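Please look over the chain shown here before reading the notes that accompany it.

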Amino acid sequence: EGGFMELEQILDATRRRLADILQIPLQDLRSGEILDLFDRRAKTARTATEQAFRYANVATRYAMSREAHDAHQEGREPQLTHNPFQILVLERKWRSTSQMEADYQRRGSRNPMGEEDGTLARFLIALWQRRQHNLDGADFLLLTLLCGTRISELPGLCWRDRLTDEEARTLPWVDLDRRWI
């Protein structure tokens, strides 16, 4: 349930960032409108803006693929043939990894997965040493990190062998024998 709430929050935030263009049909959306909105939003929230526009780009690619498939099945030409968000790629609006690292350094924030300062390595060493004092807590944090999940997403996990097939369709579970989460 927590994962769905987070997804709704992400979608709401994305809709807010794209609100100025959401009512415009994709076929009518002009590159200038996209670039203008991107630049205005990026001034105050660069990473969130990049994320929102990447979502729009991916969603549009998906819609184009579905439209091409449907058009083929119906023996017609696709109505959606161009992804207007590709202008962001053409104009190189999205930062590269090295540009993001430079921005982190300029702002004084850090990337905890960055190799340059050894933060991740130090964290893993400390976590492993902490296991002798709090095995469950340390293993929980390690599992969270290795699965790439948020801390709120793992507490609801159940053992698969304790669930009915019906429950397993709707509840998150772990099966150590099959190595599946």
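Predicted model: local features only at pLDDT ≥ 70, side-chain atom pairs only at ≥ 80, totals over all residues.

Residues are numbered from 1 along each chain as its sequence is written, and side-chain values use heavy atoms, with hydrogens and water left out.

**Overall form**

- The protein chain holds 8 helices and 2 strands, where helices (H or I, at least four residues) and strands (E, at least two) are DSSP runs numbered from the N terminus, and their order from that end is α-α-α-α-α-α-α-β-α-β.
- The radius of gyration of the protein chain is 22 Å, whereas a compact globule of 181 residues would have one near 16 Å; the radius is taken over C-alpha atoms, and the globule rule is 2.2 Å times the number of residues to the power 0.38.
- Along the principal axes, the C-alpha atoms fill a box of roughly 60 × 50 × 25 Å.
- Buried residues (under 20% relative accessible area, with exposed meaning over 50% and partly exposed in between, for a 1.4 Å probe and protein chains only) make up 25% of the 181 residues.

**The largest nonpolar core**

- A nonpolar core is a set of buried Ala, Val, Leu, Ile, Met, Phe, Trp, Tyr and Cys residues joined through side-chain atoms within 4.5 Å, and among the 14 residues of the largest one, Ile21, Ile34, Phe38, Phe53, Phe85 and Leu88 touch the most other members.
- Two or more residues of this core come from each of helix H2 (31–42), helix H3 (46–74) and helix H4 (87–90), and H2 gives the most, with 5 residues.
- Apart from neighbours within four places in sequence, Phe38 is in contact (heavy atoms within 4.5 Å) with Arg46, Thr49, Glu50, Phe53, Leu88, Lys93 and Trp94.

**A buried glutamate**

- Glu50 lies in helix H3 and is buried, with a relative accessible area of 4%.
- Leaving aside neighbours within four places in sequence, Glu50 is in contact with Phe38, Lys93, Trp94, Arg95 and Met100.

**Two arginines with positive phi**

- Most residues other than glycine have a negative phi.
- Arg92, in the loop between H4 and helix H5 (97–107), has a positive phi of about 55 degrees and is exposed, with a relative accessible area of 75%.
- Arg179, in the segment after strand E2 (173–174), has a positive phi near 55 degrees and is exposed, with a relative accessible area of 77%.
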